[in-house]
Amino acid sequence: MSHIIFRRMKLGNAMTVYARPRNGSVIGNETIVVCGMNRNEMRELREDHYQETVHEKIVALREAIKGNSGSAVEQAHKNACALLQARCSFVALSFDLLTQAIDDADLSPFNLAWPLLENVPTAAVIHS
């Protein structure tokens, strides 16, 4: 996860989630190519996860922020962060899409923030 970032992008008339090297990482690029991470099947699985799981958390958190209710924002943030547990599927994908959709600056008035990348369970750091 420290070498790969997932981004939702338009492909033709549809949205899809692509794997991209994080910060231009050579390791990330090679991993994406060797593992075929942007094959149609992989993109479809990631888009399905976004539509079925992540999107509703983003919508709920945006609505809570818009409503300016601290307790509602805290609960929506907690629900979104539940997707970032080691037992969950697509943790890296969820992390990237959540943090791209809602910035820490939007959470800070409620004394909240996303976890740091290195604290997300699948964010293994590779030292060379």
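The legends below describe close-up views of a predicted model.

View 1. Strand 1 (4-11) and strand 2 (14-21) pair in the antiparallel sense over eight bridges. Within this pairing, I5 has R20 in strand 2 as its bridge partner. The two strands form a hairpin with two residues between them, and G12, which lies in the turn, has a positive phi of about 65°.

View 2. E47 is found in helix 2, which spans residues 40-67. With a relative accessible area of 10%, E47 falls under the 20% cut-off and is therefore buried. When its neighbours within four places in sequence are left aside, E47 is in contact with R8, M15, T16 and V17.

**View 3. The contact of helix 2 with helix 3.** The axes of helix 2 and helix 3 lie 8 Å apart, and the two helices pack at an angle of about 165°. Because angles over 145 degrees count as roughly antiparallel, helix 2 and helix 3 are described as roughly antiparallel to each other. The crossing in which helix 2 passes helix 3 is left-handed. On the helix 2 side the contact is made by K57, A60, L61, A64 and I65, which meet A72, V73, A76, H77, N79 and A80 in helix 3. By residue class, the contact of helix 2 with helix 3 divides into eight nonpolar, two polar and one charged.

**View 4. The contact of helix 2 with helix 4.** Helix 2 (residues 40-67) and helix 4 (residues 91-101) have axes that come within 10 Å and cross at roughly 40°, and the two helices are therefore oblique to each other. Helix 2 passes helix 4 in a right-handed crossing. From helix 2, the residues R46, H49, Y50, V54, K57, I58 and R62 meet L93, S94, L97, L98 and A101 of helix 4. The residues of this contact between helix 2 and helix 4 comprise seven nonpolar, two polar and three charged.

**View 5. The covering of helix 4.** Helix 4 is mostly covered, eight of its eleven residues being buried. The buried residues of helix 4 are V91, A92, L93, S94, F95, D96, L97 and L98. Their cover includes strand 1, strand 2, helix 2 and helix 3 (70-81).

Definitions and conventions. Residues are numbered from 1 along each chain as its sequence is written. This is a predicted model: local features need pLDDT of at least 70, side-chain atom pairs count only at pLDDT 80 or more; totals for chains, interfaces and linings use all residues. Side-chain values use heavy atoms; hydrogens and water are left out. Axes are lines fitted to C-alpha atoms, for helices over the stretch in contact, and angles run from 0 to 180 degrees between N-to-C directions. Helices (H or I, at least four residues) and strands (E, at least two) are DSSP runs, numbered from the N terminus. Angles under 35 degrees count as roughly parallel, over 145 as roughly antiparallel, 65 to 115 as roughly perpendicular and the rest as oblique. A crossing is left-handed if the near helix is turned anticlockwise from the far one by less than a right angle, and right-handed if clockwise. Contact means heavy atoms within 4.5 Å. Ala, Val, Leu, Ile, Met, Phe, Trp, Tyr, Cys and Pro count as nonpolar, Asp, Glu, Lys and Arg as charged, and the others, Gly among them, as polar. Buried means under 20% relative accessible area, exposed over 50%, partly exposed in between (1.4 Å probe, protein chains only). Two strands pair if DSSP finds at least two bridges between them.
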